[in-house]
Amino acid sequence: MEQKEAALLVWMEGDEIKGRWPLAKPVTTIGRAEDSDVVVDDRWVSRYHAQVRREEGHYVVVDQDSKNGTLVNGKRIAGPATLSDGDQLQVTPMVKLTFVDYASTAPLPGEPPSSGLVLDRDKRQVWLQGRLLTPPLSYVQFALLTLLNDQPGRVYSRDEVIAALWPEDSAEGISDEAIDALVRRIRLRLRELDSDHDYVVTVRGYGFKLQVD
């Protein structure tokens, strides 16, 4: 099945994007040679150093018998290595290329998402309508929002919420008032960035759902 969107390689230095390359072709070449798709001008890098191959449903990186090897997440690869979102690819110690999967819902490194509700689980950040929610949600607030965001529109019962957020506590120890207060706090925080829409909706007598439309 043909993929409609391409992943990216992103070269970051601190918070600055130094370069980005869509991996739209079947093979994207990396090397010091000027005809490489991703040119890395460093003597450490071989002229034709590595390839990223677009295969059905995934991407793999292959070293091209380079002199100094290719690393993924700090480990030298011995054969084709499948790339996952956020993996760090290196053909020189000085340059790290971040693999950004086409299906990733997190914001692209170095820039915010343009619209909608986006959660960055690694950094526990919430982006809403292109703006970062600051200060961040508490751990339990973010956990509930993440649970609801996994399947927007699905109604999660109170028991499901308790089991997900407090797996070591008995349901009897968590009151309805405590859960309702938690939901209210999340609503108030999201209204700081979008006052016209309630993203967390209470389904009376049952539970809660995320409504993004």
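**View A. The hairpin of β12 and β13.** R124 takes a positive phi near 55 degrees in the hairpin of β12 and β13, which has four residues between the strands. Strands (E, at least two residues) and helices (H or I, at least four residues) are DSSP runs, numbered from the N terminus. This is a predicted model, in which local features need pLDDT of at least 70 and side-chain atom pairs count only at pLDDT 80 or more, while totals for chains, interfaces and linings use all residues. Residues are numbered from 1 along each chain as its sequence is written, and side-chain values use heavy atoms, with hydrogens and water left out. β12 pairs with β13 in the antiparallel sense over four bridges; two strands pair if DSSP finds at least two bridges between them. Q125 in β13 is the bridge partner of D120.

**View B. Side chains of strand β12.** In β12 (residues 117–120), L117 and L119 point one way, V118 and D120 the other way, and all are buried. Buried means under 20% relative accessible area, exposed over 50%, and partly exposed in between (1.4 Å probe, protein chains only). In a regular strand the side chains alternate between the two faces of the sheet.

**View C. The five-stranded open sheet.** The strand order is β4-β3-β5-β6-β9, with mixed pairing. The edge strands β4 (38–39) and β9 (81–82) each pair on one side only. β9 and β6 (residues 58–63) are antiparallel, paired over two bridges, and V60 stands opposite T82 in β9.

**View D. Buried residues of helix α3.** Residues 176–191 form α3. Its buried residues include I179, L182, V183 and I186. Among the elements that cover the buried residues of α3 are α1 (139–150), α2 (158–165) and β13 (125–128).

Conventions: The expected span of a helix is 1.5 Å times one less than its number of residues. Contact means heavy atoms within 4.5 Å.
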